[in-house]
Each structure stands twice: as C-alpha cells, then as structure tokens.
Amino acid sequence: MKKKILAAMLAGAMVLSMAGCSGSSGSSDNAGNSEDASSEDSSTDGEAEETEIQVFIAASLNTVMTELAEMYNEKHPEVKITYNADSSGTLLTQIQEGYECDIFFSAAQKQMDDLEADGLMVEGTRADVVNNQVVVVSLKDSGTKVTGLENLNEAESIALAGGSVPVGRYTRQALINLGTLPETDDPASITTEEISEALGGVEISEQDNVSKVLSAVVEGSCEVGTTYYSDTYGYEDDLDILQTVSYDLTGNVIYPIARVVNEEADDVQTAAAEDFLQFILSDEAKAVFESYYFDTNV
C-alpha cells in the first residue's frame with residue numbers, strides 16, 4: 001500500500017516537474033517526424049495496453065528528460081512516464097527504502113554502484129549514457145572577482161551542493177586536487193563548514209540538489225555556485241560561466257542508467273520500462289542530449 005500511495009504522489013510530482021521547467025525544454029512539436037531508434041514498437045494491430053512506469057532521474061536531467069518523454073509518447077501514448085527528480089543520493093535512499101521504481105538514471109557512478117551492490121538492479125541493464133562537466137557560474141555581469149575554483153575564496157557567498165549530491169562531491173574532489181581541501185578517502189564527507197574554513201570563512205549556502213544551486217545564483221542570493229554545464233541551458237542570458245572545470249580535477253562526470261528490480265510491476269509495465277530504457281540509449285535520444293549540452297562520448 002505504501003508503494004502504491006507513493007506512485008500516486010510521484011504522478012503529481014511529474015505534473016509539477018513538467019510545469020516547472022523554466023521554458024527551456026524543447027518543444028515536442030518537432031518530435032513527430034523523428035525515427036524511433038529504440039526497440040520495436042510494442043503496439044500491435046490491437047490497441048496497446050496502458051501502463052505507467054516510475055523513472056527516478058537526477059535533478060540535472062529534468063529538462064532534457066521531459067522532452068524525451070514527450071518524444072517517446074508520440075509513438076507510445078499508452079505509456080505514462082512518471083518522473084521523480086532529485087539528487088542521486090536522495091533517489092538511491094528512496095529506492096533502498098522500498099519506493100516503487102522501474103528505472104534509475106543517476107548523475108554519478110557511486111549511487112549506481114550502491115544500487116547494484118544491494119541487489120536492486122536488473123542484471124545486464126546498466127549503461128553509461130552521458131558525460132557532463134562542472135562549471136563555476138555567477139549572475140551575468142555580477143562583477144565578481146572569482147574566476148574559478150582557484151580563487152573561490154574571493155566570493156562573498158557561494159551556493160554549494162551537499163556532499164551526498166554528485167555535483168557537490170565533484171566540487172569537493174576538485175578542491176582536494178587543487179590543494180584547497182585536505183586529502184580524504186571520501187570527499188563527500190567534507191562538511192560545508194570545513195570548506196568555508198578552508199576558504200577563509202566565506203559564507204556558503206548548502207543546497208540539496210543541483211537545481212537549487214542554480215536557482216540560488218540566478219536569483220542573486222549567492223554570488224557564485226558550482227553546477228553542471230548542462231544546467232546552464234536556457235540561462236545563457238542570465239549567467240556567466242566563470243570556469244569550466246577540467247576532468248583532471250573532477251574526474252569524469254558520467255551518468256549511468258539501469259532498470260530497478262520492481263516486484264510490483266506486471267509484464268506490461270516491465271516491457272515498457274525496458275523499451276523506454278532502450279529509447280534513452282538510442283541515437284535519436286543521443287541527439288537530444290547533445291542539444292542540451294551533454295557530452296554523449298562516454
């Protein structure tokens with residue numbers, strides 16, 4: 001019962017998610033002529049059976065995945081795709097707690113590794129989809145003295161994701177590699193207070209997902225922040241990218257996807273989840289990811 005109630009809640013979350021996408025999502029009007037490169041159309045001569053799949057996505061994927069759902073539904077209107085968008089760490093915890101989920105699309109390998117170690121992944125379905133890049137941003141023409149991570153201490157205020165959020169972990173790793181933070185086996189364990197101290201006491205506003213970091217900078221409540229390059233899509237007139245952080249500092253920012261073991265799913269739901277996953281891995285979807293500033297060379 002708990003899981004069925006959650007599914008209804010997530011359905012509402014999908015409506016909010018679709019409405020809250022700042023207008024930067026591409027229109028589905030251009031999707032009608034697209035060739036579906038996923039597995040064969042599941043419809044038959046008769047009317048396809050309706051079903052719903054629960055897809056947990058990293059917050060930084062919200063806009064691009066909204067467009068991809070619209071494209072997929074052009075040929076599969078019988079499949080309702082319900083997104084739950086949040087930090088990868090939060091999503092993993094929800095799956096571990098028993099929330100109903102068919103597909104997990106993470107912003108980092110660690111959460112997917114944990115999912116697999118817990119036996120919650122459908123064997124043979126894991127795949128790397130895109131690479132991203134951490135950027136340091138400020139409001140357009142803010143006059144900030146910050147040029148990148150090297151002089152982040154010159155900011156008056158910083159928006160930074162927590163350590164359990166992939167972009168927060170990548171930022172911490174980069175600061176370790178620059179010598180700003182001390183070496184540690186687990187960069188995610190470094191607290192906001194420790195980072196502030198290392199930067200000379202600068203004010204840091206900790207956020208629980210990457211979208212909230214972006215909002216803090218766009219709204220002007222923080223002078224600078226670290227987010228993903230893909231998140232700057234649609235904000236080109238609002239933001240200055242002060243630095244694109246090299247992979248030498250962060251490591252690769254690869255987003256893996258996999259199906260999740262869902263014992264409540266019937267055969268129709270399971271087949272729809274597999275077909276949608278294959279669509280996300282298709283050349284058609286690849287072109288959409290690239291249009292939203294993701295790197296598909298993984």
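1. The side chains of Ser106 and Ser88 are joined by a polar contact of 3.4 Å (a pair of N or O atoms within 3.5 Å; within protein, one must be able to donate a hydrogen and the other to accept it, and residues adjacent in sequence count only if both atoms are side-chain atoms). A polar atom of the Ser106 side chain also lies 2.7 Å from the backbone oxygen of Ala108. Ser106 sits in the loop between β3 (103-105) and α4 (109-117) and is buried, at 0% relative accessibility. Buried means under 20% relative accessible area, exposed over 50%, and partly exposed in between (1.4 Å probe, protein chains only). Helices (H or I, at least four residues) and strands (E, at least two) are DSSP runs, numbered from the N terminus.

2. On provenance: this is a predicted model, in which local features need pLDDT of at least 70 and side-chain atom pairs count only at pLDDT 80 or more, while totals for chains, interfaces and linings use all residues. Residues are numbered from 1 along each chain as its sequence is written, and side-chain values use heavy atoms, with hydrogens and water left out.

3. The structure holds 6 salt bridges (a side-chain nitrogen of Lys or Arg within 4 Å of a carboxyl oxygen of Asp or Glu). Asp114 and Lys110 form one at 3.1 Å, N to O; being 4 residues apart in helix α4, they are separated by about one helical turn. Asp114 is partly exposed at 27%, and Lys110 is partly exposed at 40%.

4. Lys140 and Asp240 also form a salt bridge, with the closest N and O atoms 3.3 Å apart. Lys140 lies in the loop between β5 (134-139) and β6 (157-161) and Asp240 in strand β9 (residues 239-244), so the pair ties together parts that are 100 residues apart in sequence. Lys140 has a relative accessible area of 32%, and Asp240 one of 23%.

5. Asp208 and Lys212 meet in a salt bridge at 2.9 Å, N to O. Asp208 is partly exposed at 42%, as is Lys212 at 39%. Asp113, Glu116 and Arg126 are linked in a network of salt bridges.

6. Glu223 deserves a look. This residue is in the loop between α7 (210-218) and β8 (224-228). Glu223 is buried yet has no salt bridge, and the nearest side chain of opposite charge, Lys145, is 8.5 Å away. The Glu223 side chain does reach the backbone nitrogen of Glu156, at 2.8 Å.

7. Gly200, in the loop between α6 (192-198) and β7 (203-207), is exposed, with a relative accessible area of 69%. Gly200 and Leu152 are 48 residues apart in sequence and 9.9 Å apart in space, C-alpha to C-alpha.

Terms used:
Lys, Arg positive; Asp, Glu negative; His and termini not counted.
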